[in-house]
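Welcome, and please take a moment to look over the sequence and the model. The report below walks through the fold, the confidence, the cores and the aromatic rings.

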Amino acid sequence: QRHMAALWTEGLVFGMVSREGVYAQLITRPAGTFLLRFSESSAGFIAVGYRVSGANSGIKNYLVKQEDTASATVKTLPDFIRSRPEFSTVLQYTGQHLEDGFPVLYPIHKDYALKAYCAARPTKPVDPKAGSPYDEL
């Protein structure tokens, strides 16, 4: 999938982490915080671990499916993540670890973190019946 190497290099894909590791990273975070990781059970797939609140509060894990990133409007993993309101703040791996070996993850808003990897979206729809903003020759 496009952008995976760049997302990995930027620390936006945490890598191989178990569900228990996801829980440990997210349990004290606010709802909407998430991390991207490689799936343990489905080789080659990305899973999103995320914190939810309310009646279903806790930590959830979502396996990103091929159809999630193959539609007419959502082309890439970053586009999919940005389109989902459940995900607001991504945990970015800094490459550093605490003395106990726990990795240091930095919370960053998904729009800021993923902007460079998403398809450009016009600020307002273009009306094909409207006149052209360009002058005629």
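## Ground rules and overall fold

Helices (H or I, at least four residues) and strands (E, at least two) are taken here as DSSP runs, numbered from the N terminus.

Residues are numbered from 1 along each chain as its sequence is written, and side-chain values use heavy atoms, with hydrogens and water left out.

## Confidence

The predictor's confidence in each residue is the pLDDT, which runs from 0 to 100. The protein averages 82, and 83% of the residues score at least 70. Confidence is lowest in β1, with a mean of 84, and highest in β2, with 94.

Where pLDDT is low, the predicted coordinates should not be read in detail.

## A β-α-β unit

Strand β1 (residues 13-16) pairs with strand β2 (residues 33-38) in the parallel sense over 2 bridges; pairing requires that DSSP finds at least two bridges between the strands. Val 13 has Leu 36 as its bridge partner in β2.

Together with helix α2 (residues 19-26), β1 and β2 make a right-handed β-α-β unit. Right-handed means that, with the strands pointing away from the viewer, the path from the first strand over the helix to the second runs clockwise.

## Nonpolar cores

Of the 137 residues of the protein, 36% count as buried, where buried means under 20% relative accessible area, exposed over 50%, and partly exposed in between (1.4 Å probe, protein chains only). A nonpolar core is a set of buried Ala, Val, Leu, Ile, Met, Phe, Trp, Tyr and Cys residues joined through side-chain atoms within 4.5 Å. The largest such core has 21 residues, of which Leu 7, Phe 34, Leu 36, Val 48, Leu 77, Ile 81 and Leu 114 touch the most other members. The elements giving two or more residues to this core are α1 (4-9), β2, β3 (46-52), α3 (77-83) and α4 (110-114), and β3 supplies the largest share, 4 residues.

A second, separate core of 7 residues includes Phe 14, Val 17, Leu 26 and Leu 105.

## Aromatic rings

The structure holds 5 aromatic pairs. Rings of Phe, Tyr and Trp (its six-membered ring) pair if their centres lie within 6.5 Å; planes under 30 degrees apart count as stacked, over 60 as edge-to-face and the rest as tilted. Tyr 62 and Phe 80 form a stacked pair, at 6.0 Å centre to centre with 25° between the planes. Tyr 62 lies in strand β4 (residues 58-63) and Phe 80 in helix α3, so the pair ties together parts that are 18 residues apart in sequence. Tyr 62 is partly exposed at 24% relative accessible area, whereas Phe 80 is buried at 7%.

Phe 34, Tyr 50 and Phe 87 form one aromatic cluster.

How values were computed:
Predicted model: local features only at pLDDT ≥ 70, side-chain atom pairs only at ≥ 80, totals over all residues.
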